[in-house]
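Here is a short briefing on charged side-chain pairs. Please look over the sequence and the model before reading on.

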Amino acid sequence: ALELNPVAHLVELATLVYPPAYGTKLVEEVRRWSRVVFERTRAEVGDLYPPVADPKAPPRELGGARQTRLKGMEDPQEALPVPAGQLTPVAYLWTRTVPCRNCGATVPLHRQTWLRQKPGGFVAVRPVASPGQTRVQYEVLEFAAKQAAQAVAAWGFDPTDLSKGGETECLFCRAALPTEHVKDCGRSRRMDVQLMAVVASRNGEHGKAYLSASQVTGVDGGDVKRRLDDVVRREPLSTDKAALPPAGALGFRVQPYGFKTWDQLFTDRQLLALFTFIKHVRKAYEEMIQGGVDPGLAKAVATYLALIVDKVAERGANVCRWISQGEEVASPIGEGKMPMVWDFPEANPFGGASGSWQRTESDVVGALEALTADRFSPCDVRRGSALNLPYADNFFDAVVTDPPYYDNVPYSYLADFFYVWLKRSVGHLYPEHFAAAISPVKAEAVMDPSRHGGKKEKAKAEYEAMMARAFDEARRVLKPGAPMVCVYAHKTTAGWATLVDALRKSKFAVTEAWPLDTERPGRQRGQESAALASSIFLVARRRETEDTGSYEHVVRPELERVVRERVEALWELGIAGADLVIAAVGAGLRAFTRFARVEYDNGEEVPAEKFLAEVEGVVLETLLEKIFGVPRSGVASVDGPSRFYVLWRHTYRAAELDAGEAIVFTYAQPVELDGPRGLSVGKGALVEKKKGKCRLRDFTERGDDDHLGVPGDEGKAVPLIDVLHRILWLVENEPRNLPRFLDEARPDRERLRLVAQALAGAGLKGG
């Protein structure tokens, strides 16, 4: 295994090298020393997370004391003393604030204030701006219901209808606060935070308790700043303030609000806890060495402890999000991005819940137990570049790679979030990997214009050159006839075209493409996004000839055959949506990449991007036949806008797409997105287009138009999807007017049935 990034390299060591080398002894030592680090850190800074009074406790309970065992504790003497009638905080919910530019009051920027959204129980906090005050107070709202809408109606308050993009209004004087004011406050250090609520556990009982900020005391941290300064002064590694990625870098949206270094993504209390954990990880390693533990084992144990610190940091930053559906803290990194947040949870690292050391230790040790049970041989894991592989010619039976996805993920920048903590905790054990302040970026293949002075074409050319060099190296180290498997989950045509060009230039021919389930169900990236549920595994082999293929006479006929076979096979397997489309496109590459050059009859070369558009057109045509359950002639009888709508819904459901990707669905359809008759134009537009993003509008947004679905004076047939949307709206809102509309519209009922069944039935599910 070979990786460029130090963080990924350590993960590979922890996954592939240390478990088979040290076996169950490693599990025992990691568990033992993890508890030592936990207890020492809790003894030092646990007072910063004191128990809170239970407002529902009977008066007779107050004043007594009991011992409560937290998860991971073995020695009763070390159990955390929790007074009777008190609760253990698991998360503190904060909102960012700025001063009102009109009245000077403190204005909260919270985007939402839901604490719990589960059938049977909904909890939120409501901001209250009392007359004569300059600071908002909060009250907890609870309601037992099956749906959130019922709770919202009962409260007369919508917890999601607050700020958008930081833009809000003062709750005292109602003055508007634009985003630019918020950014200016952030840059001038006038942005602050205010506690809204605390989520607590009832110490051994199921369920959480929710307290407003006014019900909690002792959360201000007291002398945290002084103690943090003391740790920084005594621990030299704590003073290293690594810079965030430059403004405009892929995926990062925090810099315009005054964030310049990684440590600014943490509150003082979070920093103090993390620095203290790190101090005791380093001391644990020293004690293992002094105690005669094998140096290799001690290094491995310290590495897992450092990874636990990293995972605690991941859910212990001030850019995390609170997931009210699961009542847990979510990572700040999602969809390859780190967006700005306006309200955030601060996890209690000693609270035993999401983001705590105990929960994280359980995850890491559980994974380690599974790995040591596998009994595989130690692997050869190296850190290096795919552009210069440290292996001999004709060395491998296969190469498997998951290459960078064009402009999709800023890998090293995101890795820096973890790198800065690993450098502090175990950087001295891996000096060859953690010498620099941040991860290496120069040798990384990512299409990021910010690394090239904002020049997109230069960034694209550099990415393509790197990909071609990497595939050249892969070809060199492969034995003759051996496969290279390329895992690819990117969905844009530009990304695929770049990959295909790099493969062809390196004399590879794609021979197979199949989707494999590799993504975690319900992961953040898959929620309401156009992300693939599977990864596409492209199988390529060396192309031994330099032949030129005729597009019209050889490539196009083969493309039609391969795509039809693959759509049929995937459909029978129950694969649907984007996974089916992209996998079928991948299979269609076989017809193209087996030639060094593909030409039209006039001698003009067919570029990869043009070919991919053709492939997608064939895939979508074939797919429409399957969705509608009729031959191509029957599909052709359905109008273009309706086919467009059905294809989008089948492939991406209700997800929003980049405009460039939405255009894919116009391939082979007589429609266009823009222009005088474009699908995104006019009051009854089928597609909403905003800031380069497109989404389909449904019948609830279009159906109230009296003219929708009714032929105009010119008698031109209207799209069936317009008729269907009007029918659905009338059925729900004005059923008495439905017969009159059908008389006016006079749709082809058989074709309308085709469209309705395609959207309602098995066609959208696959199979």
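Is K118 buried, partly exposed or exposed? K118 is partly exposed, at a relative accessible area of 26%. Bear in mind that this is a predicted model. It holds 47 salt bridges. Three of them are described below, by topic.

**The E327–K118 pair**
- E327 and K118 join their side chains in a salt bridge, at 3.1 Å from N to O.
- E327 sits in the loop between β14 (321-323) and β15 (328-330), while K118 belongs to strand β7 (residues 114-118), so this pair ties together parts that are 209 residues apart in sequence.
- E327 is buried: its relative accessible area is 10%, which falls under the 20% cut-off.
- K118, at 26%, is partly exposed.

**The R190–D184 pair**
- A salt bridge links the side chains of R190 and D184, with an N to O distance of 2.7 Å.
- R190 is partly exposed, with 38% relative accessible area.
- D184 is also partly exposed, at 35% relative accessibility.

- D223 pairs with R226 in a salt bridge, and their closest N and O atoms lie 2.7 Å apart.
- D223 has a relative accessible area of 33%, so D223 counts as partly exposed.

**Background**
- Side chains with opposite charge can pair when their charged atoms come close.

Notes: Residues are numbered from 1 along each chain as its sequence is written. This is a predicted model: local features need pLDDT of at least 70, side-chain atom pairs count only at pLDDT 80 or more; totals for chains, interfaces and linings use all residues. Side-chain values use heavy atoms; hydrogens and water are left out. A salt bridge is a side-chain nitrogen of Lys or Arg within 4 Å of a carboxyl oxygen of Asp or Glu. Helices (H or I, at least four residues) and strands (E, at least two) are DSSP runs, numbered from the N terminus. Buried means under 20% relative accessible area, exposed over 50%, partly exposed in between (1.4 Å probe, protein chains only).
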